[in-house]
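Here is a note for a colleague who is opening this structure and wants a few places to begin reading. The points below may be taken in turn, with the view turned to each region as it comes up.

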Amino acid sequence: MKELELYIHIPFCVKKCAYCDFLSAPAGELEQRKYVDALIKEIEFNRDEFSGYLIRTVFMGGGTPSVLKGEETARIFQALRGNFHVDENAEITMEVNPGTVTKEKIVQWKESGVNRLSIGLQSVNDEELRMLGRIHTYEQFLDTWELVRAGGFDNVNIDLISAIPGQTAESWERTLRTAAELGSEHLSAYSLIVEEGTPFYDRYGENSGNTGNWPPLPDEDTERRIYEDTAGILKEYGFHRYEISNYARPGYECRHNLGYWERREYLGLGIGASSLIGNQRFHNTADMEKYLNVCKDMEKGKEQFGRQTFLHEDMEELSEKDCMEEFMFLGLRKTAGILCSEFRKLFGKNVEEVYGEPIRRFTGQGLLKREGGMLRLTERGIDMSNYVFSDFLL
Ligand code: SF4
């Protein structure tokens, strides 16, 4: 059987954070139930097309999937198991946020087969959390953490964000050390990006002028120190960096995300979800009304618009050149790098035949390294990854 990853999007949050441009919004129970009904229809509709696939990972992200009532989550997982072949050893992750987790929900997630949780902490500093517009304090995160551990979850990620306004290298170090000491199996540490259309963009975007009473973003030196210190600090606690922004204890790397970087096939279900099937990339509509309407009668939608377009906003047929580029810049995000023989297997050429010049140049500059059939970024190369990746565009 071919293998497939599933991504399920839950577009609900208690309140919108000030930096967030994800597809998510607050919603009442009725709206949530209608969405889950639609999602289940979409799952059922895909049953035949993906009957030859074995599901190796499921990732329920958002938004905040933990805002759903436990029985709604259970309905989604029941539909998944009833319509797809979910491997008995599948990694099944759910994103959760402090302030939305209860003992009862944890029991239901376990019963639904969820075996990995990802908790959004972002910072241990309450002032920084307030700055981000998060709904919780560090204390409230700790309540969630204890519930999750008491509920038997032994594969847990903690999400952190660096370069928060007002953050110093010292406050970031405190966040890292405090989070690492909790003993989670995985940590993600992404830098804050000021996205257009967010309250942060009004405060800190190109034309914002002045930040008023809000503290400024960390300066370049602080940001560099934050970036460069992270891997070393986490190493002290037994975490190894396996991707530019992801750290794990041995054996706890996120299989689902590794699949993205290895360009495995994945199917996205739910509003706005993206997919890679064969060499086609497509996105579900981001329009809730359209999503709910089409899902109500999938067969009619299919008749009207055709199988591949009735839920999808776009459909891109990737060329060989697109696939090569993706193979390189997604694969090089992993600290293990890319397997050169895999490139040859997929594209019928040696990687040097296509990328000889940048490989020679970056190897000479100490940013890339060829070792045991792998090509990978060096530590310095990881620090300058954006610069390196831009030269792998053909
Ligand atoms: S909890 Fe996450 S998805 Fe929801 S608004 Fe905040 S950052 Fe966005």
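1. Helix α2, which covers residues 70-83, packs with helix α3, residues 103-111, at an angle of about 10°, and their axes are 9 Å apart. Because angles under 35 degrees count as roughly parallel, α2 and α3 are described as roughly parallel to each other. The residues that meet here are Gly-70, Thr-73 and Ala-74 from α2, and Glu-104, Lys-105, Gln-108, Trp-109 and Glu-111 from α3. Please keep in mind, for this point and those that follow, that the model is a predicted one.

2. On the α1 side the contact is made by Lys-34, Ala-38, Lys-41 and Glu-42, while α10 contributes Tyr-291, Leu-292 and Cys-295.

3. Turning to the strands, β1 (residues 2-10) is joined to β2 by nine bridges, and the two run parallel; within this pairing, Tyr-7 has Phe-59 of β2 as its bridge partner. Strand β2 (residues 53-62) has eight of its 10 residues buried, so it is largely enclosed by the rest of the structure.

4. Which strands are joined to β4 by bridges? On the one hand, four bridges join β4 to strand β3 (residues 85-96), in a parallel arrangement, where Val-96 has Ile-119 in β4 as its bridge partner. On the other hand, five bridges join β4 to strand β5 (residues 156-162), and these two also run parallel, with Gly-120 standing opposite Asp-159 in β5.

5. Strand β4 itself (residues 116-122) is mostly covered, since seven of its seven residues are buried. This holds for both faces: Arg-116, Ser-118, Gly-120 and Gln-122 are buried on one side, and Leu-117, Ile-119 and Leu-121 are buried on the other.

6. The largest nonpolar core has 70 residues, and those that touch the most other members are Leu-6, Ile-8, Val-58, Ala-179, Leu-187 and Leu-269. Leu-6 may be taken as an example: leaving aside its neighbours within four places in sequence, Leu-6 is in contact with Ile-55, Val-58, Tyr-266, Leu-267 and Leu-269. There is also a second, separate core, made of 15 residues, with Phe-327, Ile-338, Tyr-355 and Leu-368 among them. As general background, nonpolar side chains tend to be buried together in soluble globular proteins.

Definitions and conventions
Residues are numbered from 1 along each chain as its sequence is written. This is a predicted model: local features need pLDDT of at least 70, side-chain atom pairs count only at pLDDT 80 or more; totals for chains, interfaces and linings use all residues. A nonpolar core is a set of buried Ala, Val, Leu, Ile, Met, Phe, Trp, Tyr and Cys residues joined through C-beta atoms within 7 Å. A residue is buried if 20 or more other C-beta atoms lie within 10 Å of its own, exposed if 12 or fewer, and partly exposed in between; C-beta atoms are placed from the backbone. Two residues are in contact if their C-beta atoms, placed from the backbone, lie within 7 Å. Two strands pair if DSSP finds at least two bridges between them. Axes are lines fitted to C-alpha atoms, for helices over the stretch in contact, and angles run from 0 to 180 degrees between N-to-C directions. Angles under 35 degrees count as roughly parallel, over 145 as roughly antiparallel, 65 to 115 as roughly perpendicular and the rest as oblique.
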